Amino acid sequence: MSGRRGAGAPWRRRRPLRTRLALAASAAVALVAVGVCTAAFVIIRYAMGHQLELNLTQSATLVMQQNRDQGPGVVAAECRYLSAPACSQIVPADPADDPSGRYALPVTGAVREVADGRRAPYFSAVTLDGRPARMLVQHFKDGTAVQVALRADTVEKGVRQAAWMLAAVGGAGVLLAAALGYWVSRTGLAPVARLTAAAERIAATRDAGHRIGLPAGPPGREDELTRLAASFDTMLGELEQSVTAQRRLVADASHELRTPLTALRTNAELLARADRLTDAQRDRASAALGRQLREVTTLVNDLIELARDEEPQPLVEQVRPAALLEHAVGAARGHWPETGFTVRTEAGAEGLTVPGVPARLTRLLSNLLDNAAKFSPPGGPVETELTAPPGALEITVRDHGPGIADEDLPHVFDRFYRAQAARALPGSGLGLAMARQIARAHRAALTAEQAPGGGALFRLRFPR
(Lines give C-alpha, C1' and ligand atoms only; values in the text may rest on other atoms or scores of the structure.)
Protein backbone atom coordinates (compact mmCIF):
# COMPACT_ATOMS: atom_id res chain seq x y z
CA MET A 1 0.00 0.00 0.00
CA SER A 2 2.80 2.42 0.89
CA GLY A 3 4.58 1.59 -2.38
CA ARG A 4 1.51 2.38 -4.45
CA ARG A 5 0.95 5.59 -2.56
CA GLY A 6 4.57 6.58 -3.01
CA ALA A 7 4.39 5.84 -6.73
CA GLY A 8 1.21 7.88 -7.14
CA ALA A 9 2.50 10.91 -5.25
CA PRO A 10 4.73 12.24 -8.11
CA TRP A 11 1.82 11.87 -10.54
CA ARG A 12 -0.39 13.95 -8.24
CA ARG A 13 2.31 16.56 -7.80
CA ARG A 14 2.79 16.87 -11.57
CA ARG A 15 -0.91 17.54 -12.14
CA PRO A 16 -2.36 21.03 -11.58
CA LEU A 17 -4.77 21.47 -8.70
CA ARG A 18 -7.57 22.20 -11.18
CA THR A 19 -7.02 18.84 -12.91
CA ARG A 20 -6.88 16.95 -9.64
CA LEU A 21 -10.06 18.63 -8.39
CA ALA A 22 -11.85 17.87 -11.69
CA LEU A 23 -10.77 14.23 -11.54
CA ALA A 24 -11.78 13.92 -7.89
CA ALA A 25 -15.20 15.48 -8.47
CA SER A 26 -15.77 13.41 -11.62
CA ALA A 27 -14.73 10.20 -9.87
CA ALA A 28 -17.01 10.92 -6.92
CA VAL A 29 -20.07 11.64 -9.09
CA ALA A 30 -19.26 8.73 -11.43
CA LEU A 31 -18.94 6.37 -8.47
CA VAL A 32 -22.33 7.48 -7.19
CA ALA A 33 -23.91 7.07 -10.65
CA VAL A 34 -22.43 3.58 -11.13
CA GLY A 35 -23.44 2.60 -7.60
CA VAL A 36 -27.02 3.77 -8.14
CA CYS A 37 -27.29 1.96 -11.48
CA THR A 38 -25.87 -1.24 -9.97
CA ALA A 39 -28.28 -1.09 -7.06
CA ALA A 40 -31.18 -0.45 -9.45
CA PHE A 41 -30.18 -3.47 -11.57
CA VAL A 42 -30.06 -5.75 -8.53
CA ILE A 43 -33.43 -4.52 -7.33
CA ILE A 44 -35.06 -4.97 -10.76
CA ARG A 45 -33.65 -8.48 -11.18
CA TYR A 46 -34.83 -9.47 -7.70
CA ALA A 47 -38.29 -7.96 -8.22
CA MET A 48 -38.86 -9.71 -11.55
CA GLY A 49 -37.63 -13.07 -10.23
CA HIS A 50 -39.74 -12.68 -7.10
CA GLN A 51 -42.81 -11.94 -9.19
CA LEU A 52 -42.21 -15.10 -11.24
CA GLU A 53 -41.96 -17.15 -8.03
CA LEU A 54 -45.22 -15.63 -6.76
CA ASN A 55 -46.92 -16.69 -10.00
CA LEU A 56 -45.56 -20.24 -9.53
CA THR A 57 -46.86 -20.36 -5.96
CA GLN A 58 -50.33 -19.23 -7.07
CA SER A 59 -50.34 -21.78 -9.90
CA ALA A 60 -49.33 -24.61 -7.51
CA THR A 61 -52.11 -23.63 -5.09
CA LEU A 62 -54.63 -23.64 -7.95
CA VAL A 63 -53.45 -27.07 -9.18
CA MET A 64 -53.76 -28.57 -5.70
CA GLN A 65 -57.26 -27.14 -5.26
CA GLN A 66 -58.52 -28.36 -8.65
CA ASN A 67 -56.93 -31.85 -8.52
CA ARG A 68 -57.51 -33.08 -4.98
CA ASP A 69 -58.64 -36.56 -6.10
CA GLN A 70 -56.26 -37.04 -9.03
CA GLY A 71 -53.39 -39.49 -8.76
CA PRO A 72 -49.82 -39.17 -10.09
CA GLY A 73 -49.50 -37.97 -13.66
CA VAL A 74 -49.27 -34.90 -15.89
CA VAL A 75 -51.90 -32.22 -15.21
CA ALA A 76 -50.88 -29.65 -17.86
CA ALA A 77 -48.05 -29.78 -20.39
CA GLU A 78 -48.48 -26.73 -22.63
CA CYS A 79 -45.96 -24.37 -20.94
CA ARG A 80 -43.72 -24.31 -24.00
CA TYR A 81 -45.96 -21.42 -25.13
CA LEU A 82 -45.64 -18.05 -23.40
CA SER A 83 -49.42 -17.55 -23.20
CA ALA A 84 -50.08 -21.08 -21.89
CA PRO A 85 -50.77 -21.81 -18.20
CA ALA A 86 -48.08 -23.33 -16.07
CA CYS A 87 -46.93 -26.89 -16.70
CA SER A 88 -47.92 -29.05 -13.75
CA GLN A 89 -47.73 -32.67 -12.68
CA ILE A 90 -48.18 -34.83 -9.62
CA VAL A 91 -45.25 -37.08 -8.69
CA PRO A 92 -45.35 -39.90 -6.07
CA ALA A 93 -42.58 -40.56 -3.57
CA ASP A 94 -42.20 -44.17 -4.74
CA PRO A 95 -41.14 -44.56 -8.38
CA ALA A 96 -43.19 -47.77 -8.49
CA ASP A 97 -46.35 -45.66 -8.33
CA ASP A 98 -45.42 -43.63 -11.42
CA PRO A 99 -47.99 -43.62 -14.25
CA SER A 100 -47.24 -45.39 -17.49
CA GLY A 101 -47.09 -42.07 -19.40
CA ARG A 102 -44.07 -39.81 -19.65
CA TYR A 103 -43.66 -36.79 -17.30
CA ALA A 104 -43.55 -33.30 -18.81
CA LEU A 105 -41.10 -31.97 -16.18
CA PRO A 106 -37.85 -33.56 -14.99
CA VAL A 107 -38.23 -35.74 -11.90
CA THR A 108 -35.20 -36.03 -9.63
CA GLY A 109 -34.49 -37.51 -6.25
CA ALA A 110 -35.11 -34.11 -4.64
CA VAL A 111 -38.68 -34.19 -6.03
CA ARG A 112 -39.22 -37.64 -4.45
CA GLU A 113 -37.91 -36.32 -1.13
CA VAL A 114 -40.41 -33.42 -1.18
CA ALA A 115 -43.21 -35.90 -1.94
CA ASP A 116 -42.08 -38.08 1.00
CA GLY A 117 -42.01 -35.04 3.29
CA ARG A 118 -38.25 -35.25 3.88
CA ARG A 119 -37.45 -31.96 2.14
CA ALA A 120 -39.00 -28.50 2.12
CA PRO A 121 -40.51 -27.01 -1.06
CA TYR A 122 -37.95 -25.35 -3.34
CA PHE A 123 -37.52 -23.37 -6.56
CA SER A 124 -35.08 -24.38 -9.30
CA ALA A 125 -34.12 -23.40 -12.84
CA VAL A 126 -34.86 -25.92 -15.60
CA THR A 127 -34.89 -26.01 -19.40
CA LEU A 128 -38.08 -26.83 -21.32
CA ASP A 129 -37.84 -27.35 -25.08
CA GLY A 130 -34.57 -25.43 -25.10
CA ARG A 131 -36.00 -22.45 -23.25
CA PRO A 132 -35.27 -21.38 -19.68
CA ALA A 133 -37.99 -21.97 -17.10
CA ARG A 134 -38.54 -21.69 -13.36
CA MET A 135 -39.95 -24.67 -11.43
CA LEU A 136 -41.57 -25.03 -8.00
CA VAL A 137 -41.74 -28.36 -6.18
CA GLN A 138 -44.19 -28.50 -3.27
CA HIS A 139 -45.58 -31.32 -1.09
CA PHE A 140 -49.18 -32.33 -2.03
CA LYS A 141 -50.85 -35.25 -0.22
CA ASP A 142 -50.41 -38.93 0.63
CA GLY A 143 -46.73 -39.07 -0.38
CA THR A 144 -47.04 -37.00 -3.53
CA ALA A 145 -45.59 -33.68 -4.71
CA VAL A 146 -46.75 -31.07 -7.15
CA GLN A 147 -44.33 -29.71 -9.78
CA VAL A 148 -45.22 -26.42 -11.45
CA ALA A 149 -43.08 -24.61 -14.08
CA LEU A 150 -43.29 -21.33 -16.04
CA ARG A 151 -41.13 -20.04 -18.86
CA ALA A 152 -38.51 -17.55 -17.55
CA ASP A 153 -37.11 -16.21 -20.83
CA THR A 154 -39.34 -13.11 -20.59
CA VAL A 155 -37.87 -12.37 -17.17
CA GLU A 156 -34.30 -12.86 -18.39
CA LYS A 157 -35.00 -10.66 -21.41
CA GLY A 158 -36.40 -7.94 -19.16
CA VAL A 159 -33.35 -8.18 -16.90
CA ARG A 160 -31.01 -7.86 -19.91
CA GLN A 161 -32.92 -4.84 -21.21
CA ALA A 162 -32.78 -3.22 -17.78
CA ALA A 163 -29.03 -3.92 -17.65
CA TRP A 164 -28.44 -2.23 -21.03
CA MET A 165 -30.59 0.76 -20.12
CA LEU A 166 -28.91 1.20 -16.75
CA ALA A 167 -25.47 0.86 -18.38
CA ALA A 168 -26.41 3.60 -20.81
CA VAL A 169 -27.68 5.78 -17.97
CA GLY A 170 -24.49 5.09 -15.97
CA GLY A 171 -22.29 5.97 -18.95
CA ALA A 172 -24.19 9.20 -19.48
CA GLY A 173 -23.82 9.89 -15.76
CA VAL A 174 -20.06 9.39 -15.96
CA LEU A 175 -19.79 11.80 -18.92
CA LEU A 176 -21.98 14.33 -17.12
CA ALA A 177 -19.83 13.91 -14.01
CA ALA A 178 -16.71 14.65 -16.05
CA ALA A 179 -18.30 17.79 -17.50
CA LEU A 180 -19.52 18.93 -14.09
CA GLY A 181 -16.14 18.20 -12.52
CA TYR A 182 -14.41 20.33 -15.15
CA TRP A 183 -16.93 23.13 -14.65
CA VAL A 184 -16.62 22.98 -10.87
CA SER A 185 -12.83 23.05 -11.05
CA ARG A 186 -12.84 26.09 -13.35
CA THR A 187 -15.44 28.12 -11.46
CA GLY A 188 -14.49 27.00 -7.97
CA LEU A 189 -10.76 27.59 -8.41
CA ALA A 190 -11.04 30.82 -10.38
CA PRO A 191 -10.31 32.93 -7.25
CA VAL A 192 -7.36 30.68 -6.42
CA ALA A 193 -6.02 31.14 -9.96
CA ARG A 194 -6.34 34.91 -9.62
CA LEU A 195 -4.67 34.72 -6.20
CA THR A 196 -1.80 32.69 -7.65
CA ALA A 197 -1.41 35.06 -10.60
CA ALA A 198 -1.34 38.07 -8.26
CA ALA A 199 1.27 36.43 -6.02
CA GLU A 200 3.44 35.49 -9.02
CA ARG A 201 3.12 38.99 -10.47
CA ILE A 202 4.13 40.57 -7.16
CA ALA A 203 7.07 38.17 -6.83
CA ALA A 204 8.22 39.02 -10.35
CA THR A 205 7.70 42.81 -10.21
CA ARG A 206 8.10 43.41 -6.44
CA ASP A 207 5.12 45.73 -6.74
CA ALA A 208 2.63 45.28 -3.87
CA GLY A 209 0.09 47.56 -5.55
CA HIS A 210 -1.67 44.69 -7.33
CA ARG A 211 -5.04 43.51 -6.02
CA ILE A 212 -7.19 40.44 -6.71
CA GLY A 213 -10.41 42.45 -6.54
CA LEU A 214 -13.03 39.69 -6.28
CA PRO A 215 -16.58 41.06 -6.08
CA ALA A 216 -17.79 40.89 -2.49
CA GLY A 217 -20.98 38.94 -1.79
CA PRO A 218 -23.75 39.86 0.61
CA PRO A 219 -22.44 40.70 4.10
CA GLY A 220 -22.00 37.57 6.19
CA ARG A 221 -22.52 35.25 3.18
CA GLU A 222 -19.13 35.37 1.46
CA ASP A 223 -17.57 32.01 0.71
CA GLU A 224 -14.15 30.94 1.95
CA LEU A 225 -12.32 31.82 -1.28
CA THR A 226 -13.83 35.30 -1.36
CA ARG A 227 -12.77 35.87 2.24
CA LEU A 228 -9.32 34.53 1.39
CA ALA A 229 -9.02 36.94 -1.53
CA ALA A 230 -10.22 39.84 0.63
CA SER A 231 -7.69 38.92 3.33
CA PHE A 232 -4.96 38.69 0.69
CA ASP A 233 -5.92 42.13 -0.64
CA THR A 234 -5.81 43.51 2.91
CA MET A 235 -2.39 41.93 3.43
CA LEU A 236 -1.18 43.43 0.16
CA GLY A 237 -2.44 46.83 1.28
CA GLU A 238 -0.56 46.54 4.56
CA LEU A 239 2.53 45.33 2.71
CA GLU A 240 2.33 48.23 0.28
CA GLN A 241 2.04 50.71 3.15
CA SER A 242 4.94 49.06 4.95
CA VAL A 243 7.13 49.13 1.84
CA THR A 244 6.19 52.74 1.16
CA ALA A 245 6.90 53.73 4.75
CA GLN A 246 10.21 51.86 4.67
CA ARG A 247 11.29 53.60 1.47
CA ARG A 248 10.21 56.96 2.86
CA LEU A 249 12.06 56.27 6.11
CA VAL A 250 15.24 55.35 4.26
CA ALA A 251 14.96 58.41 2.04
CA ASP A 252 14.26 60.73 4.98
CA ALA A 253 16.97 59.20 7.14
CA SER A 254 19.55 59.53 4.37
CA HIS A 255 18.48 63.14 3.87
CA GLU A 256 18.67 63.93 7.58
CA LEU A 257 22.03 62.20 8.01
CA ARG A 258 23.64 63.84 5.00
CA THR A 259 23.94 67.28 6.60
CA PRO A 260 25.43 66.28 9.98
CA LEU A 261 27.76 63.75 8.33
CA THR A 262 29.01 66.43 5.95
CA ALA A 263 29.57 68.78 8.89
CA LEU A 264 31.35 66.02 10.79
CA ARG A 265 33.66 65.35 7.88
CA THR A 266 34.37 69.06 7.46
CA ASN A 267 35.21 69.56 11.14
CA ALA A 268 37.27 66.36 11.20
CA GLU A 269 39.29 67.52 8.20
CA LEU A 270 39.65 70.92 9.86
CA LEU A 271 40.96 69.38 13.07
CA ALA A 272 43.35 67.24 11.03
CA ARG A 273 45.11 70.53 10.20
CA ALA A 274 45.05 71.73 13.81
CA ASP A 275 48.60 73.08 13.55
CA ARG A 276 47.27 75.80 11.25
CA LEU A 277 44.45 76.87 13.60
CA THR A 278 44.44 79.18 16.51
CA ASP A 279 43.41 77.90 19.92
CA ALA A 280 40.00 79.58 19.63
CA GLN A 281 39.38 78.08 16.19
CA ARG A 282 40.46 74.66 17.40
CA ASP A 283 38.13 74.88 20.41
CA ARG A 284 35.20 75.92 18.23
CA ALA A 285 35.80 73.08 15.79
CA SER A 286 36.09 70.55 18.63
CA ALA A 287 32.86 71.80 20.22
CA ALA A 288 31.06 71.68 16.88
CA LEU A 289 32.36 68.15 16.25
CA GLY A 290 31.16 66.96 19.65
CA ARG A 291 27.76 68.62 19.17
CA GLN A 292 27.32 67.05 15.75
CA LEU A 293 28.36 63.65 17.06
CA ARG A 294 25.69 63.91 19.76
CA GLU A 295 23.10 64.89 17.14
CA VAL A 296 23.98 61.94 14.91
CA THR A 297 23.99 59.58 17.92
CA THR A 298 20.57 60.86 19.00
CA LEU A 299 19.21 60.51 15.46
CA VAL A 300 20.49 56.94 15.12
CA ASN A 301 19.13 56.00 18.54
CA ASP A 302 15.76 57.46 17.61
CA LEU A 303 15.70 55.44 14.39
CA ILE A 304 16.49 52.27 16.34
CA GLU A 305 13.70 53.06 18.78
CA LEU A 306 11.26 53.64 15.92
CA ALA A 307 12.20 50.28 14.40
CA ARG A 308 10.69 48.48 17.41
CA ASP A 309 7.06 47.47 16.86
CA GLU A 310 6.10 46.61 20.44
CA GLU A 311 7.30 46.80 23.98
CA PRO A 312 9.29 43.87 25.43
CA GLN A 313 6.80 41.94 27.55
CA PRO A 314 9.22 41.05 30.39
CA LEU A 315 9.61 44.79 31.12
CA VAL A 316 5.87 45.54 31.33
CA GLU A 317 4.62 46.35 34.84
CA GLN A 318 1.88 48.35 36.54
CA VAL A 319 2.98 52.00 36.61
CA ARG A 320 1.41 55.14 38.07
CA PRO A 321 1.05 57.82 35.38
CA ALA A 322 0.88 60.48 38.11
CA ALA A 323 4.39 59.62 39.33
CA LEU A 324 5.73 59.36 35.75
CA LEU A 325 4.30 62.77 34.90
CA GLU A 326 5.87 64.37 37.99
CA HIS A 327 9.22 62.80 37.14
CA ALA A 328 9.08 63.85 33.45
CA VAL A 329 8.07 67.42 34.35
CA GLY A 330 10.92 67.62 36.88
CA ALA A 331 13.43 66.56 34.23
CA ALA A 332 11.95 69.02 31.71
CA ARG A 333 12.36 71.91 34.20
CA GLY A 334 16.07 71.14 34.27
CA HIS A 335 16.35 71.07 30.47
CA TRP A 336 14.19 74.16 29.91
CA PRO A 337 14.77 76.48 32.89
CA GLU A 338 13.09 79.45 31.18
CA THR A 339 9.81 77.58 30.68
CA GLY A 340 7.23 77.36 33.46
CA PHE A 341 5.87 73.81 33.75
CA THR A 342 2.73 73.17 35.79
CA VAL A 343 1.19 69.86 36.83
CA ARG A 344 -2.43 69.35 37.79
CA THR A 345 -3.65 65.90 38.89
CA GLU A 346 -7.30 65.07 39.40
CA ALA A 347 -8.09 63.57 42.80
CA GLY A 348 -9.46 60.32 41.41
CA ALA A 349 -6.46 59.75 39.12
CA GLU A 350 -3.67 59.96 41.70
CA GLY A 351 -3.46 56.26 42.55
CA LEU A 352 -4.51 54.72 39.23
CA THR A 353 -2.10 52.47 37.34
CA VAL A 354 -1.71 51.23 33.77
CA PRO A 355 0.42 48.39 32.34
CA GLY A 356 3.53 49.63 30.61
CA VAL A 357 7.30 50.03 30.50
CA PRO A 358 8.23 52.96 32.78
CA ALA A 359 11.31 54.05 30.79
CA ARG A 360 9.37 54.09 27.51
CA LEU A 361 6.43 56.00 28.95
CA THR A 362 8.85 58.50 30.48
CA ARG A 363 10.43 58.93 27.01
CA LEU A 364 6.98 59.57 25.55
CA LEU A 365 6.17 62.28 28.12
CA SER A 366 9.63 63.82 27.74
CA ASN A 367 9.17 64.11 23.96
CA LEU A 368 5.81 65.82 24.44
CA LEU A 369 7.23 68.22 27.05
CA ASP A 370 10.32 69.02 24.95
CA ASN A 371 8.11 69.70 21.94
CA ALA A 372 5.87 72.00 23.99
CA ALA A 373 8.83 73.87 25.49
CA LYS A 374 10.45 74.24 22.07
CA PHE A 375 7.42 76.08 20.67
CA SER A 376 6.53 78.07 23.81
CA PRO A 377 7.50 81.73 23.90
CA PRO A 378 10.27 82.68 26.37
CA GLY A 379 8.81 82.47 29.86
CA GLY A 380 5.58 80.98 28.52
CA PRO A 381 3.89 78.23 30.52
CA VAL A 382 3.48 74.56 29.59
CA GLU A 383 0.46 73.08 31.32
CA THR A 384 0.11 69.35 32.04
CA GLU A 385 -2.93 67.65 33.50
CA LEU A 386 -3.84 64.09 34.56
CA THR A 387 -7.56 63.23 34.63
CA ALA A 388 -9.67 60.06 34.89
CA PRO A 389 -12.67 60.28 32.54
CA PRO A 390 -15.05 57.26 32.51
CA GLY A 391 -13.19 54.16 31.33
CA ALA A 392 -9.90 55.95 30.63
CA LEU A 393 -6.87 57.74 32.06
CA GLU A 394 -5.85 60.91 30.22
CA ILE A 395 -2.74 63.10 30.20
CA THR A 396 -2.77 66.43 28.36
CA VAL A 397 0.20 68.68 27.51
CA ARG A 398 -0.52 72.22 26.33
CA ASP A 399 1.72 75.05 25.26
CA HIS A 400 0.94 78.66 24.41
CA GLY A 401 3.00 78.90 21.28
CA PRO A 402 1.86 79.48 17.66
CA GLY A 403 -0.11 76.20 17.58
CA ILE A 404 -0.34 73.76 14.70
CA ALA A 405 -1.43 74.93 11.27
CA ASP A 406 -4.38 73.14 9.72
CA GLU A 407 -2.26 71.84 6.84
CA ASP A 408 0.32 70.47 9.31
CA LEU A 409 -2.12 68.80 11.70
CA PRO A 410 -2.54 65.52 9.67
CA HIS A 411 1.27 65.08 9.43
CA VAL A 412 2.43 66.16 12.87
CA PHE A 413 3.21 62.53 13.88
CA ASP A 414 4.94 61.57 10.61
CA ARG A 415 8.61 60.65 10.73
CA PHE A 416 10.98 63.50 9.84
CA TYR A 417 8.06 65.84 9.24
CA ARG A 418 8.78 69.39 10.29
CA ALA A 419 6.37 72.25 9.90
CA GLN A 420 7.45 75.46 8.23
CA ALA A 421 7.69 77.22 11.59
CA ALA A 422 9.94 74.46 13.00
CA ARG A 423 12.57 74.36 10.26
CA ALA A 424 14.90 76.70 12.16
CA LEU A 425 14.49 74.90 15.51
CA PRO A 426 16.73 72.03 16.66
CA GLY A 427 15.54 68.46 16.27
CA SER A 428 15.16 65.75 13.65
CA GLY A 429 11.39 65.47 13.42
CA LEU A 430 11.32 62.05 15.09
CA GLY A 431 10.18 62.96 18.61
CA LEU A 432 6.44 63.00 18.01
CA ALA A 433 6.61 59.96 15.72
CA MET A 434 8.36 58.07 18.49
CA ALA A 435 5.79 59.30 21.02
CA ARG A 436 2.89 57.97 18.97
CA GLN A 437 4.65 54.63 18.42
CA ILE A 438 5.20 54.23 22.17
CA ALA A 439 1.55 55.13 22.79
CA ARG A 440 0.33 52.54 20.28
CA ALA A 441 2.60 49.90 21.80
CA HIS A 442 0.86 50.60 25.14
CA ARG A 443 -2.60 50.49 23.48
CA ALA A 444 -3.05 54.20 24.14
CA ALA A 445 -4.20 56.95 21.78
CA LEU A 446 -2.09 60.06 21.19
CA THR A 447 -3.74 62.96 19.35
CA ALA A 448 -2.91 66.58 18.59
CA GLU A 449 -5.29 69.53 18.26
CA GLN A 450 -5.49 73.27 18.42
CA ALA A 451 -5.83 74.47 22.01
CA PRO A 452 -8.63 76.90 22.85
CA GLY A 453 -7.12 80.37 22.98
CA GLY A 454 -4.02 79.41 20.99
CA GLY A 455 -1.22 76.92 21.27
CA ALA A 456 -1.08 73.17 20.73
CA LEU A 457 -2.77 70.51 22.86
CA PHE A 458 -1.55 66.89 22.93
CA ARG A 459 -3.86 64.31 24.48
CA LEU A 460 -2.61 60.88 25.65
CA ARG A 461 -5.49 58.52 26.54
CA PHE A 462 -5.04 55.10 28.21
CA PRO A 463 -8.01 52.72 28.28
CA ARG A 464 -9.01 51.32 31.69
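These legends describe close-up views of one predicted protein model. Residues are numbered from 1 along each chain as its sequence is written. In this predicted model, local features need pLDDT of at least 70 and side-chain atom pairs count only at pLDDT 80 or more, while totals for chains, interfaces and linings use all residues; side-chain values use heavy atoms, with hydrogens and water left out.

Figure 1. Helices (H or I, at least four residues) and strands (E, at least two) are DSSP runs, numbered from the N terminus. Of the 464 residues, 34% count as buried. Buried means under 20% relative accessible area, exposed over 50%, and partly exposed in between (1.4 Å probe, protein chains only). The protein exposes about 27200 Å², and carbon and sulfur atoms supply 57% of that area. Accessible areas come from the Shrake-Rupley method with a 1.4 Å probe; for residues, only the protein chains shown count as cover. Take the contacts between residues at least 6 apart in sequence: 63% of them join residues at least 24 apart. Contact means heavy atoms within 4.5 Å.

**Figure 2. Leu21, Leu176, Leu180, Trp183 and Val184 make a nonpolar surface patch.** The patch covers about 460 Å². Patches are made of residues with over 30% relative accessible area and no salt bridge; like charges are joined within 9 Å, nonpolar side chains (Val, Leu, Ile, Met, Phe, Trp, Tyr) within 5 Å. Helix 4 (residues 153-188) gives the most to this patch, with 4 residues. Leu176 sits in helix 4. Its relative accessible area is 51%, so Leu176 is exposed.

**Figure 3. Arg134 and Glu53 form a salt bridge.** A salt bridge is a side-chain nitrogen of Lys or Arg within 4 Å of a carboxyl oxygen of Asp or Glu. Here the closest N and O atoms are 2.9 Å apart. Arg134 lies in strand 4 (residues 131-139) and Glu53 in helix 2 (residues 17-66), so the pair ties together parts that are 81 residues apart in sequence. Arg134 is partly exposed at 25% relative accessible area. Glu53 is also partly exposed, at 21%. Phe123, in strand 3 (residues 122-128), is in contact with both Glu53 and Arg134. Other contacts of Phe123 beyond four places in sequence include Leu56, Thr57, Met135 and Leu136. Phe123 and Arg134 are 11 residues apart in sequence and 7.1 Å apart in space, C-alpha to C-alpha. Phe123 counts as partly exposed, at 31% relative accessibility.

**Figure 4. Arg344 pairs with Glu385 in a salt bridge.** The closest N and O atoms are 2.0 Å apart. The pair links distant parts of the chain: Arg344 is in strand 7, Glu385 in strand 9 (residues 381-387), 41 residues apart. Arg344 is partly exposed at 46% relative accessibility. Glu385 is partly exposed at 26%.

**Figure 5. Glu394, Glu449, Arg459 and Arg461 are linked in a network of salt bridges.** In one of these bridges, Glu394 meets Arg459, with the closest N and O atoms 2.9 Å apart. Glu394 is in strand 10 and Arg459 in strand 12, 65 residues apart, and the pair links distant parts of the chain. Glu394 is buried, with a relative accessible area of 8%. Arg459 is partly exposed, at 24%. A search of the whole structure finds 9 salt bridges.

**Figure 6. A search of the whole structure finds 1 aromatic pair.** The ring centres of Phe413 and Phe458 are 6.1 Å apart and the planes stand at 85°, so the pair is edge-to-face. Rings of Phe, Tyr and Trp (its six-membered ring) pair if their centres lie within 6.5 Å; planes under 30 degrees apart count as stacked, over 60 as edge-to-face and the rest as tilted. Phe413 lies in the loop between strand 10 (392-398) and helix 10, and Phe458 in strand 12 (residues 456-463), so the pair ties together parts that are 45 residues apart in sequence. Both residues, Phe413 and Phe458, are buried.

**Figure 7. Helix 10 (residues 431-441) is mostly covered.** Of its 11 residues, 8 are buried. Among them are Leu432, Met434, Gln437 and Ile438. Just after helix 10, Arg443 takes a positive phi of about 55°.
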